[in-house]
Amino acid sequence: MSKLIAPSILAADFANLQRDVEMVNRSDADWFHIDIMDGVFVPNISFGMPVLRDIAKHATKTIDTHLMIVDPDRYVKTFAELGCDVLTVHYEACTHLHRTLQLIKSHGMKAGVALNPHTSVHLLSDVIQDIDLVCLMSVNPGFGGQQFIENTYDKITQLKKIIGAKNTDTLIEIDGGVTDKNAVQLIEAGADVLVAGSYVFKATDQEATIAHLKTLVNP
Ligand code: DX5
Ligand code: ZN
């Protein structure tokens with residue numbers, strides 16, 4: 001399977017959101033990565049349902065939504081109705097993770113689990129067969145534009161072994177500080193999906209930057 005690029009809309013220009021969504025539509029990107037923050041699970045608030053609804057109105061690609069919120073079960077149905085294709089919850093925010101994953105799937109979405117940088121991938125061993133995507137946070141969640149945490153490579157290697165042992169087709173997504181400097185090494189370690197916010201949206205030619213990243217990881 002080809003390796004996927006998911007621009008993070010958190011770094012877009014919110015005053016020109018339709019323009020930026022259409023840029024991603026035209027580009028070689030595969031997914032939209034949408035960061036929802038509640039100001040409780042993470043020390044920041046991004047945007048909520050009305051903004052996601054308008055993004056979904058224009059987006060023509062898979063909508064990969066990353067919930068950085070406490071007790072995400074409350075909103076699973078709503079996110080399904082808003083058009084999310086992949087819904088990722090944080091391991092650290094779910095008391096009954098297995099139940100949450102079943103709930104996401106019962107609403108027709110792929111189920112993802114995100115891990116903070118300090119959370120061991122081994123905590124997913126007993127539930128990996130129920131997870132469509134593991135999002136390894138390579139920065140502390142809450143903000144774009146932070147520096148990539150190098151320990152992520154080891155986590156990918158370990159997670160790859162857990163996925164292999166259970167023979168599941170779980171995807172590994174990397175989120176935070178992704179650039180052309182670490183993309184190839186992340187893929188070589190075993191990543192399938194790279195989220196990129198600042199690297200894409202701060203570029204002068206955003207479409208060309210996405211194309212460059214896509215070619216780098218699919219030589
Ligand atoms: C951080 C978010 C990321 C963020 C990545 O909490 O989950 O998706 O947008 O941004 P960059 O690529 O700028 O690190
Ligand atoms: Zn994210």
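## Around ligand 1

In this predicted model, 20 residues lie around ligand 1. Asp35, Gly142, Asp175, Gly197 and Ser198 come nearest.

The side chain of Ser198 places an N or O atom 2.4 Å from an oxygen atom of ligand 1. Gly142 uses its backbone: a polar atom there is 2.7 Å from a ligand oxygen atom. Asp35 has a polar side-chain atom 2.8 Å from an oxygen atom of ligand 1. On its own, ligand 1 has 380 Å² of accessible area, and the protein covers 99% of that.

## The nonpolar cores

In soluble globular proteins, nonpolar side chains tend to be buried together. Here the largest nonpolar core has 59 residues. Ile34, Leu136, Ile174, Leu186 and Leu194 touch the most other members. Helix α5, residues 152-166, gives this core its largest share, five residues. A second core is separate and has 12 residues, including Leu4, Ala6, Val86 and Ala114.

Which residues does Ile34 contact, leaving aside its neighbours within four places in sequence? They are Ile9, Phe47, Leu52, Ile55, Ile63, Asp64, Thr65 and His66.

## Helix α1

Helix α1 spans residues 17-26. Its buried residues are Leu17, Asp20, Val21, Met23, Val24 and Asn25.

Terms used
Residues are numbered from 1 along each chain as its sequence is written. Chains are lettered from A and ligands numbered from 1 in the order in which they are written. This is a predicted model: local features need pLDDT of at least 70, side-chain atom pairs count only at pLDDT 80 or more; totals for chains, interfaces and linings use all residues. Side-chain values use heavy atoms; hydrogens and water are left out. Buried means under 20% relative accessible area, exposed over 50%, partly exposed in between (1.4 Å probe, protein chains only). Helices (H or I, at least four residues) and strands (E, at least two) are DSSP runs, numbered from the N terminus. A nonpolar core is a set of buried Ala, Val, Leu, Ile, Met, Phe, Trp, Tyr and Cys residues joined through side-chain atoms within 4.5 Å. Contact means heavy atoms within 4.5 Å. A residue is near a molecule or strand if one of its heavy atoms lies within 4 Å of it. A polar contact is a pair of N or O atoms within 3.5 Å; within protein, one must be able to donate a hydrogen and the other to accept it, and residues adjacent in sequence count only if both atoms are side-chain atoms. Accessible areas come from the Shrake-Rupley method with a 1.4 Å probe; for residues, only the protein chains shown count as cover.
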